[in-house]
Amino acid sequence: MMSGVIRNKHIVMGVCGGISAYKIPELLRILVKKGASVKVLMTRNAEAFIGKTTFEALSGNPVCVSLFDEKSEGSIRHISWAQEADAVIVAPATANMIGKLANGIADDALSTFMLAVTSPRMICPAMNTNMYENRAVQRNIDILESDGYTVIEPDAGELACGVTGAGRLPSPEFIADRLQKLLYDKDLLNKKILISAGPTIEPIDPVRFISNHSSGKMGYAIAKAAEYRGAEVTLVSGPTSLCPPIGVRVVHVKTADEMAESMLGNMEQSDIIIKVAAVADYKPVVRAEHKIKKTDERLSLHLEKNIDILKVLGERKKQQILVGFAAETQELDNNAQKKLREKNLDLIVGNLVGSTASAFGSDSNKVTLYFPNGEKKSLPIMGKDEVANILLDHIAGKVMTDDDR
Ligand code: PMT
């Protein structure tokens, strides 16, 4: 869910006159549901597509269309809203508004407001393909990017005008996700992070396998948070039912051997490696070619040890920061610290499994962080997205210390 960063934040949404303005109430609803306080500024042209009342009802705040529409505070609202904004988004951004923002023109409430904004700004261009590809529009978008705007590229597809091409406003869920990213400090900017998540499955025959209860939620939460914080993330994932996090390169694997190949192959170019996956420690010695028939009362399976991927990563480690996880049912401290030492790790995250509110499958987790100097830090039960961010805080701190050396 990753809603923490947006809770209690002041977001101002600028809405321009485009057919895709119909998607904006849903975007507003998503942001409000995540706990943001949202205020809407709309152009006169936007009113031709969607009513002010809809935004007032969904945001619970007055909507500003003109600098002069509220006698008491209208003429200074653009300043006070700009001052309190944590982030500003213009969606849909029309060619006209993009041109005005790129050239500092302030001839309506929204363009005037935008000149007063100092918080992070994001625009979502949406228009007919030929308009979008027009040199003048592209030039203006380039100016906005070099002025520090985050520009969300439109989707390609069939547009309202019947043309097929680039110009469609992305989904409200996608825009909300990118807006959340805007709110994060980019303390892992350009760091290459390699993460493994989910279970591995070890086939017994064509229809059966050995596996475990890992849902992938913990590893995916870390991948998502790292991408929000500016990292280039590769996520090596065992089979899960989760959606790939936006902006993350996902490599899908099934067995421990496949996971090992991908992790070891990506190791050299990584700055940070976090091994969250629950790897099956054993695999069947022989994978039956056909479905094993139910004949005898008892069936023995011969298993052999899988490669310990994290141990090999620890042996080959050079400049990388290497982080492991330990899922234990007893003696968490001893077992986690033993793995930290034996696998040559910079940090290990221990979690006791068994409770429904933590570890396998749940949205929350209760973890303890163990460090090579013997220190440990126990965290209360919290969402896996919060665990992810606290873990990344420690890693970012270590990155900064190492960079200073
Ligand atoms: O996926 P979720 O449902 O969100 O659940 C999260 C989790 C419980 C899976 C996660 O928090 C966690 O604890 N992951 C590690 C699980 C595990 O396999 O622990 P372990 O103690 O068996 O392994 C220790 C470390 O060695 C882990 O980093 C593991 O990835 C690694 N390992 C283990 C065996 C092996 N053959 N190769 C490895 O690399």
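**Helix 4**

I started at helix 4, where Ala-95, Met-97, Ile-98, Gly-99, Lys-100, Leu-101 and Ala-102 are buried. I take buried as under 20% relative accessible area, exposed as over 50%, and partly exposed as in between, with a 1.4 Å probe and protein chains only. I note that this is a predicted model: local features need pLDDT of at least 70, side-chain atom pairs count only at pLDDT 80 or more, and totals for chains, interfaces and linings use all residues. Residues are numbered from 1 along each chain as its sequence is written, and side-chain values use heavy atoms, with hydrogens and water left out.

Helix 4 spans residues 95-103, and seven of its nine residues are buried, so the rest of the structure largely encloses it. Helices (H or I, at least four residues) and strands (E, at least two) are DSSP runs, numbered from the N terminus. I then looked up the packing partners. The buried residues of helix 4 pack against strand 4, helix 5 (109-116), strand 5 (121-125), helix 6 (129-133) and helix 7 (135-146). I count a contact when heavy atoms lie within 4.5 Å. Gly-104 follows helix 4, and its phi is positive, near 70°.

Next I traced an open sheet of six strands, in the order 3-2-1-4-5-6, with parallel pairing. Strand 3 (63-64) and strand 6 (150-151) are at the edges with a single partner strand each, so one side of each has no neighbour in the sheet. Two strands pair if DSSP finds at least two bridges between them. Strand 1 (residues 10-15) and strand 4 (residues 87-93) run parallel and are joined by four bridges. Across from Ile-11 I find Ala-87 in strand 4.

**Domains**

I looked up the division of the protein: domain 1 is 4-183, and domain 2 is 192-284 + 301-403. These bounds come from an automatic or database domain assignment. Taken over C-alpha atoms, the domain centres are 38 Å apart. Six residues from domain 1 and five residues from domain 2 make the contact.

**Arg-229**

Is Arg-229 buried or exposed? It counts as buried, at 4% relative accessibility. I place Arg-229 in the loop between helix 9 (217-228) and strand 12 (232-237). Its side chain makes a polar contact of 2.7 Å with that of Asp-393. A polar contact is a pair of N or O atoms within 3.5 Å; within protein, one must be able to donate a hydrogen and the other to accept it, and residues adjacent in sequence count only if both atoms are side-chain atoms. Leaving out residues up to four places away in sequence, Arg-229 touches residues including Tyr-184, Asp-187, Asn-389 and Ala-396.

**Val-276**

Val-276 sits in the loop between strand 14 (272-275) and strand 15 (282-284). Val-276 is buried, with a relative accessible area of 13%. Beyond its neighbours within four places in sequence, I list contacts with Ile-195, Ser-196, Met-218, Gly-219, Ile-222 and Phe-325. From Val-276 to Ala-106 I read 170 residues in sequence and 50 Å in space, C-alpha to C-alpha.

**The ligand**

Which residues come nearest to the ligand? Of the 28 around it, they are Ser-215, Ala-277, Lys-339, Asn-351 and Gly-361. I count a residue as near if one of its heavy atoms lies within 4 Å. A ligand oxygen is 2.6 Å from an N or O atom in the side chain of Ser-215. A ligand oxygen is 2.8 Å from a polar backbone atom of Gly-216. For Ala-277, a polar backbone atom is 2.6 Å from an oxygen atom of the ligand. The protein covers 96% of the 770 Å² of accessible area that the ligand has on its own. Accessible areas come from the Shrake-Rupley method with a 1.4 Å probe; for residues, only the protein chains shown count as cover.
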